[in-house]
Amino acid sequence: MTMLCRWLREFRKSRPVNMQITPTPPPRTGLNFRDTVPVFPSEKGNLWHTMSNACLSFGGLVGQLVVWKLNDTKIFHQENFQEAVLDRPRGTPVITASNHKAATDDWFLCTILGTHKQALSGDMRYVMGAEEVLFWTRWTAELAAIGHIMPIRRGFGVYQRAMDEAINMLAGGKWLHIYPQGLILHTKEEEVGHRLKWGIGRLVADCPTNPCPPVLPVWHIGMDDFVPNALPYRPHFGQKITMVVGKAMDFTDQVKEMRSRNCSCMFIRKTITDQVQERLADVREEALALHAARS
């Protein structure tokens, strides 16, 4: 064993600089992924899902009280969400994609957009959350799973279990909400220069349903004023929150056309992602103008 360890040390010192070795990306919080506890809602039974729906319904009612009664919240073009999500035929998948401004975004966004009746019927959104942030103990992992959150390993690419689970959810006609920026962006400069992750392209292109799941772009402003991204993370009530819902994007014909030309999977993912980024940028500009006009 001593000789083997010595040999490995010498090998590390002597290996060529240009040797192609792909290291495992480290978690952003300094935690090792071996210490996390990934839990997926698909692993649970019917009784657990009934309890999850009840918890989501109660959380939605509390969230609606906080958002609508204790803050000054305004939604623009809510009819786009009504048509694409609430009024969609049963069993039809849909993806909503928004910016990420605060740690509490998901709870209040789904509170604003969804209803407790959706939660009780099992149609509340599924979402992916950072595994190293939300799934680092059994307790937090179970709590996240009850909230329909699936653990995503940031930096591990588009081919991982969370992405496969999300595609299966879409294939089953579920509503999936994602944050294609991949992290919380604090400044306007970061929002403008940050490219979206290609995972949204894979979700649309690899979903086996016909038509492809539509993508509904959403931009919100004011969440980070309500719960600032700094300790002690206390809520500041009475804040102005603005949300703009764009028109749904249908990629069905475009995906078929690209596949008929034998375009690569990477090209298809990138094309879809670029178009979502352009649409989100347009919705962002509208949200900034409407938010400023409310002053």
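These are my notebook entries on a predicted model of one protein chain.

**Ground rules**

I am working with a predicted model, where local features need pLDDT of at least 70, side-chain atom pairs count only at pLDDT 80 or more, and totals for chains, interfaces and linings use all residues. I number residues from 1 along each chain as its sequence is written, and side-chain values use heavy atoms, with hydrogens and water left out.

**The whole chain**

I looked up the secondary structure and found 13 helices and seven strands. Helices (H or I, at least four residues) and strands (E, at least two) are DSSP runs, numbered from the N terminus. Of the 295 residues, 46% are buried; buried means under 20% relative accessible area, exposed over 50%, and partly exposed in between (1.4 Å probe, protein chains only).

Next I checked contacts (heavy atoms within 4.5 Å). Among those with a separation of 6 or more, 78% join residues 24 or more positions apart.

The chain exposes about 15,600 Å², and carbon and sulfur atoms supply 58% of that area. Areas come from the Shrake-Rupley method with a 1.4 Å probe; for residues, only the protein chains shown count as cover.

**Aromatic rings**

How many aromatic pairs does the structure hold? I found four. Rings of Phe, Tyr and Trp (its six-membered ring) pair if their centres lie within 6.5 Å; planes under 30 degrees apart count as stacked, over 60 as edge-to-face and the rest as tilted.

One of the pairs is F108 with F226, which is edge-to-face, at 5.1 Å centre to centre and 75 degrees between the planes. This pair links distant parts of the chain: F108 is in helix α4 (residues 105-113) and F226 in helix α11 (residues 223-226), 118 residues apart. Both F108 and F226 are buried.

I then followed F226 to F237: their ring centres are 5.8 Å apart with planes at 50 degrees, so this pair is tilted. F237 is in the loop between α11 and β7 (240-245), 11 residues from F226.

Is F237 buried or partly exposed? F237 counts as partly exposed because its relative accessibility is 47%, whereas F226 is buried at 2%.

**Charges over rings**

I looked for charges over rings (NZ of Lys or CZ of Arg within 6 Å of the ring centre and within 35 degrees of the ring normal). The charged end of R161 sits over the ring of F40, 3.9 Å from its centre. The charged end of R153 sits over the ring of F156, 5.8 Å from its centre.
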